[in-house]
Amino acid sequence: MGPPAPDAASEVFSLLELDPAPVDDDFRSTRADGARPSSSWSAKVPAPSRMSSLGLSGHSPVFYLTRIQKYSSYAFTLFAAAHITNTSLIPLTTRSLPASDTYLLLTRPYYQDFPFEQLLVIAPLALHILSGLALRLYRRRQTVRRYAGEASTRSERRRVPWPAVSGTSALGFASTALVGGHALVNRGVPLLVEGSSAGIGLEYVSHGFARHPVLSFVGFGALVSVAVWHGVWGAAKWNGWTPAQLVRPGYEGEIRRKRRWYVINGIAAALAGLWMAGGLGVVGQGGAATGWVARDYDNLFKSIPLVGQWL
Ligand code: HEM
């Protein structure tokens, strides 16, 4: 038989060409590089309809853990919105700490009283961080099963790599340390020492800036930039907007990926800049407290574990 006639050939090659797409969430979630495709992919690929006898759909733990990690971040985004308003936007508008502190006191019950603090801040943060760690452990176990096998020796298993830590994840770990330290100084220490953090507001922060300017500028600068960069890249990832989530070959794809990178970093820079303008520029310049309030604040700074002895 000779080569196919032009017509036959065009029939064979006119088959619809599809971009590679994942088939189920187990496959998607366990690529050897530990990367996860975008959630917009999952929207396009119908989920397999498997029901267990308990009525639960037969999704893998990755399905549930990723959703816990995602939806928990929505809860503390609400808190973050209230927080940037109180600590930056209002100070930028009023240019007065006592006036801004009034607004802070007004909204505080909605994120500090029981059960709001637990529901809006503590539980979602714990779920967000722990689900990320659980995903990491689960993916690693899957990779060990696939590449080393159940009967592998300990040293063989040790050679199987852990899922890569993405830039966003690394910023997430740094945020955990910085947000934890910030919450300890502003909420934990006053609660432990005085039984309440009712007297803590923007004046406490401005007093800290006046007494320990280098530590405060470096600490708050790092806290705001790292947490904002993590949150903005994280939100982009949930929506399938990161450069890595654009599956388009060639020069056009390259240009679009670059554009995404600049837009995401531009948004993060604008948001972090705005937060710092009010937080460092207005609150940070408010000056030291006086009298017994100043002595009370100094005493709280000295009670901070580990660092307090040098303050
Ligand atoms: C504004 C809200 C936030 C969003 C949208 C968000 C989103 C994300 C996303 C998408 C990931 C997965 C990154 C990846 O797999 O490449 C992640 C991981 C992580 N996030 Fe967040 N996040 C937010 C806020 C925070 C905060 C405030 C903290 C800490 C106090 C935090 C701590 C972490 C940690 C530790 C990880 C890494 C978990 C791991 O990879 O094992 N996140 N976040």
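Me: How do α10 and α13 pack, in terms of angle and axis distance?
Reply: In this predicted model, helix α10 (residues 202-211) packs on helix α13 (residues 291-302) at an angle of about 75 degrees, and their axes are 10 Å apart.

Me: What does that make them, parallel or perpendicular?
Reply: Angles of 65 to 115 degrees count as roughly perpendicular, so α10 and α13 are roughly perpendicular to each other.

Me: Which residues make the contact?
Reply: On the α10 side they are Glu203, Tyr204, His207, Gly208 and Arg211. α13 contributes Val293, Ala294, Tyr297, Asp298, Leu300 and Phe301.

Me: And how do the residues of that contact divide by type?
Reply: Six are nonpolar, two polar and three charged.

Me: Staying with α10, is it mostly covered or mostly uncovered?
Reply: Mostly covered, with seven of its 10 residues buried. Those are Leu202, Tyr204, Val205, Ser206, His207, Gly208 and Phe209. Tyr204, His207 and Gly208 are among the buried residues, and these three also take part in the contact with α13.

Me: What do the buried residues of α10 pack against?
Reply: Besides α13, they pack against α4 (61-94), α5 (97-107), α9, α11 (213-238) and α12 (250-282).

Me: Switching to α7 and α9. What are the angle and the axis distance there?
Reply: Helix α7 (residues 116-147) and helix α9 (residues 167-194) pack at about 150 degrees, with axes 12 Å apart. An angle over 145 degrees counts as roughly antiparallel, so that is the label for α7 and α9.

Me: Is the crossing of α7 and α9 left-handed or right-handed?
Reply: The crossing is left-handed.

Me: Which residues meet?
Reply: From α7, Glu117, Leu125, Ile129, Leu133 and Arg136. They meet Ser169, Phe173, Thr176, Val179 and Arg187 in α9. By type, the contact divides into five nonpolar, two polar and three charged residues.

Me: Why would residues three or four places apart point the same way?
Reply: Because an α-helix has 3.6 residues a turn.

Me: Zooming out, how many helices and strands does the chain have?
Reply: The protein chain has 13 helices and zero strands.

Me: How much of the chain is buried, and what about the surface?
Reply: Of its 311 residues, 36% count as buried. The accessible surface comes to about 18800 Å², and 67% of that belongs to carbon and sulfur atoms.

Me: Last one. Of contacts between residues at least 6 apart in sequence, what share joins residues at least 24 apart?
Reply: In the protein chain, that share is 70%.

Methods:
Residues are numbered from 1 along each chain as its sequence is written. This is a predicted model: local features need pLDDT of at least 70, side-chain atom pairs count only at pLDDT 80 or more; totals for chains, interfaces and linings use all residues. Side-chain values use heavy atoms; hydrogens and water are left out. Axes are lines fitted to C-alpha atoms, for helices over the stretch in contact, and angles run from 0 to 180 degrees between N-to-C directions. Helices (H or I, at least four residues) and strands (E, at least two) are DSSP runs, numbered from the N terminus. Angles under 35 degrees count as roughly parallel, over 145 as roughly antiparallel, 65 to 115 as roughly perpendicular and the rest as oblique. Contact means heavy atoms within 4.5 Å. Ala, Val, Leu, Ile, Met, Phe, Trp, Tyr, Cys and Pro count as nonpolar, Asp, Glu, Lys and Arg as charged, and the others, Gly among them, as polar. Buried means under 20% relative accessible area, exposed over 50%, partly exposed in between (1.4 Å probe, protein chains only). Accessible areas come from the Shrake-Rupley method with a 1.4 Å probe; for residues, only the protein chains shown count as cover. A crossing is left-handed if the near helix is turned anticlockwise from the far one by less than a right angle, and right-handed if clockwise.
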